[in-house]
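This report describes one protein model, moving from overall dimensions to aromatic pairs and then to backbone features. Please read it beside the sequence and the coordinates.

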Amino acid sequence: TSGNSYGTIQSAINAATAGDVINVCAGPYAEEIYVDRSLTLLGPNATVAGNGSRSAEAIIEVPAGFANYGSLIYVEPNTNNVTISGFDIRVPDATIPNTYYQFYTGKVSNLTLRYNRWYGGEIPIYILATRGQGFGTNLLIEGNYIDCGPNVNNSYNRGMYVGGTSGTIQDNVVLNCNIGIQYMPFENPNQGFLRRNTVSAALVSLYHNYQTKGAGLVTWEQNVTSVAANPRITGSLALQVAGAWSQ
């Protein structure tokens, strides 16, 4: 809203105040992004689904010297009201066997990840609110396109790994994963909805586990699953829903 310009995404974040909107132009951004305040980050395709007909991208990619187990985008736990939309986030195949995450956070609420493209990395979207942190709410992961590429052969790979955070995961395309979408509500009392996602995986496409006593209802509906074209093992399961756990 100030009209100021910055040379990197991180410098714009550092200059922003809570509630600001940062518009990111097309081009490559080889940087590690740290978000510690409520912000909206909009790439050039913030209104176009990840598998839609998109214009030139704002590409967030691995910088030189990126640490093993690093995250290209990290949101500090308890940083609520963050939106990231319209980006292309990439981890090249050449980084294997190092382990990189594209997005990582702990307990947050009102987090929106919408209309992004994600390629490579062990876990593109990694959200884990532990019991000690409390639970996140009002998550929205919508219209993303995820291709894990050769990470389909990594037994730890997930397209999305969501724990202790309730909300809606819908209209995403998740390809070439070992496990497509893993959702673990623990005892989060709020409802969850996972619908109209298209997932191809080598082992498990939709994986629902760690739903303990006190958890809210979780609805899975109208999802389409298939075995990835390059599965790690023969006879993979296209769909597995774990039984609800109780105490």
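The overall fold comes before the local details.

This is a predicted model, in which local features need pLDDT of at least 70 and side-chain atom pairs count only at pLDDT 80 or more, whereas totals for chains, interfaces and linings use all residues. Residues are numbered from 1 along each chain as its sequence is written, and side-chain values use heavy atoms, with hydrogens and water left out.

**Overall fold**

The secondary structure of the protein consists of 1 helix and 21 strands, where helices (H or I, at least four residues) and strands (E, at least two) are DSSP runs numbered from the N terminus. The C-alpha atoms fill a box of roughly 50 × 40 × 35 Å along the principal axes. The radius of gyration is 17 Å, which agrees with the value near 18 Å that a compact globule of 247 residues would have; the radius is taken over C-alpha atoms, and the globule rule is 2.2 Å times the number of residues to the power 0.38.

Buried residues account for 53% of the 247 residues, with buried meaning under 20% relative accessible area, exposed over 50%, and partly exposed in between (1.4 Å probe, protein chains only). Among contacts between residues at least 6 apart in sequence, 71% join residues at least 24 apart, a contact being heavy atoms within 4.5 Å. The accessible surface comes to about 10,300 Å², and 49% of this surface belongs to carbon and sulfur atoms; the areas come from the Shrake-Rupley method with a 1.4 Å probe, and for residues only the protein chains shown count as cover.

**Aromatic pairs**

A pair of aromatic rings is described by the distance of the centres and the angle of the planes. Rings of Phe, Tyr and Trp (its six-membered ring) pair if their centres lie within 6.5 Å, and planes under 30 degrees apart count as stacked, over 60 as edge-to-face and the rest as tilted. By this rule the count comes to 8 aromatic pairs. In one of them, the ring centres of F66 and Y100 are 4.8 Å apart with the planes at 50 degrees, so the pair is tilted. F66 lies in the loop between β5 (58-61) and β6 (71-75) and Y100 in the loop between β8 (88-90) and β9 (101-105), so the pair ties together parts that are 34 residues apart in sequence. Ring pairs also link Y34, Y74, Y101, Y104, Y126 and Y161 into a cluster.

The relative accessibility of both partners is listed below, together with the values for three further residues.

| Residue | Relative accessible area | Class |
|---|---|---|
| F66 | 9% | buried |
| Y100 | 5% | buried |
| F186 | 8% | buried |
| Q222 | 60% | exposed |
| S11 | 26% | partly exposed |

**Backbone features**

Most residues other than glycine have a negative phi, and most peptide bonds are trans. The peptide bond from I96 to P97, however, is cis, with omega near 20 degrees, and P97 lies in the loop between β8 and β9. F186, which is not a glycine, has a positive phi of about 55 degrees and is placed in the loop between β17 (173-184) and β18 (192-195). Q222 likewise has a positive phi, near 60 degrees, and is found in the loop between β20 (218-221) and β21 (224-227).

S11 lies in helix α1 (residues 9-15). From S11 to A201 the separation is 190 residues in sequence and 37 Å in space, C-alpha to C-alpha.
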